[in-house]
Amino acid sequence: MNKKIILITAISLTIFLLIGAVSAESMFDFYSDESNVENSNDTFVIGFNSVFPPFGYTDENGNFTGFDLDLAKEVCKRNNWTFRAQPIIDWNTKELELDSNEIDCIWSEFTINGREDDFTWSEPYFNNTPVFVVKNDSGINTLDDLKGKNVEILEGSSALNSLNNQNSTLKDGFGSLTEIKDYNTGFMDLESGVCDALVADIGLAHYQVKKNENHKDFKILDKPLSGEQYGIGFKKGNAELRDQVQKTLDEMFKDGTVDKIAQKYSDYQIPEGLIYPDN
């Protein structure tokens, strides 16, 4: 009798353990599935320069906005993605943030030229020209007038690459060339006389000259430094995401959405710089 009880108890215990294991596995699967459902709404994280109006900046309410961000938001809307803008505090770390998957792309007045092999690129969507901004009363009217002058430029920028390579003769004539962390510093230095000229992308230059009252005494030299194109930079090899974003952006060009968004920034000549898809 005792042996039967022991046998029955052992069998019962085995069944109990098996049921418990199955239940635990099922519970694990449940939470796993729940986690998957929770993350099924894809988040599209763009890395951007938050002090680069009118393409990306912080408005008076503390919200991130700008032409590039408006385009990215519409792309997310059409793909049922959650949009998230992540400022790149140090522009020199942009590739590291992309390669470590902290961001999905760099969508921030990002120049293709000179970086063609460093990223998987969208098609170019904007023609940019780095220009020189000076004070109205500086006596600087042409590039030749920059000889012996103190010039500032954003570190890690395509314009710096242009000066170091294609326009090295022009650079060699400067009194000095100082790399700065952000354009706010550059325009303050220009206003105070710390520097004589500042190299800035055309959209930003128009924004600073026209938008801000304290910058009304600035002017843009007629001759630009160079011509280049903006694109969206994805992690090298991430053609799948690039293709989906490009497809959506092409649709936005075709149905007039890009033009409509660009008109919000017409004071800064954004519509004039658009590059339309070939098809």
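Analyst: For any pair of strands, look at the sense of the pairing and the bridges. Here strand β1 (residues 43–48) pairs with β6 in the parallel sense, over two bridges. In that pairing, Ile46 sits opposite Cys105 of β6. Bear in mind that this is a predicted model.

User: And in which sense do β6 and β14 pair?

Analyst: β6 and strand β14 (residues 228–234) go together in the antiparallel sense, over four bridges. Look at Cys105 again: its bridge partner in β14 is Phe234.

User: How many residues of strand β6 are buried?

Analyst: Seven of the seven residues of β6 (residues 105–111) are buried, so the strand is largely enclosed by the rest of the structure.

User: What is the strand order in the open sheet of three strands?

Analyst: The order is β2-β3-β4, and the pairing is antiparallel. Check the edges next: β2 (51–52) and β4 (64–65) each have a single partner strand, so one side of each has no neighbour in the sheet. Strand β3 (residues 56–58) is joined to β4 by two bridges, and Tyr57 stands opposite Thr65 in β4. While you're there, look at the loop between β2 and β3, where Pro54 lies. Pro53 and Pro54 are joined by a cis peptide bond, with omega at about 5 degrees.

User: What is Val245 in contact with, leaving aside its neighbours within four places in sequence?

Analyst: Val245 is in contact with Phe44, Val75, Trp81, Trp107, Ile232 and Phe234.

User: How do I read a pair of packed helices?

Analyst: Two packed helices are described by the angle between their axes and by the distance between those axes. In this model, α2 and helix α8 (residues 239–254) pack at about 105 degrees, with their axes 10 Å apart. That makes α2 roughly perpendicular to α8. From α2, the contact is made by Leu71, Glu74, Val75, Arg78 and Asn79; from α8, by Gln244, Val245, Thr248, Glu251 and Met252. By class, that contact has four nonpolar, three polar and three charged residues.

User: Which residue has a positive phi of about 60 degrees although it is not a glycine?

Analyst: That's Asn80, in the loop between α2 and β5 (82–87). Asn80 has 63% relative accessibility, so it counts as exposed. Gln269 also has a positive phi, near 65 degrees, and isn't a glycine either. Gln269 is in the loop between α9 (257–263) and α10 (270–273), and at 34% relative accessibility it counts as partly exposed.

Methods:
Residues are numbered from 1 along each chain as its sequence is written. This is a predicted model: local features need pLDDT of at least 70, side-chain atom pairs count only at pLDDT 80 or more; totals for chains, interfaces and linings use all residues. Side-chain values use heavy atoms; hydrogens and water are left out. Contact means heavy atoms within 4.5 Å. Axes are lines fitted to C-alpha atoms, for helices over the stretch in contact, and angles run from 0 to 180 degrees between N-to-C directions. Angles under 35 degrees count as roughly parallel, over 145 as roughly antiparallel, 65 to 115 as roughly perpendicular and the rest as oblique. Ala, Val, Leu, Ile, Met, Phe, Trp, Tyr, Cys and Pro count as nonpolar, Asp, Glu, Lys and Arg as charged, and the others, Gly among them, as polar. Two strands pair if DSSP finds at least two bridges between them. Buried means under 20% relative accessible area, exposed over 50%, partly exposed in between (1.4 Å probe, protein chains only).
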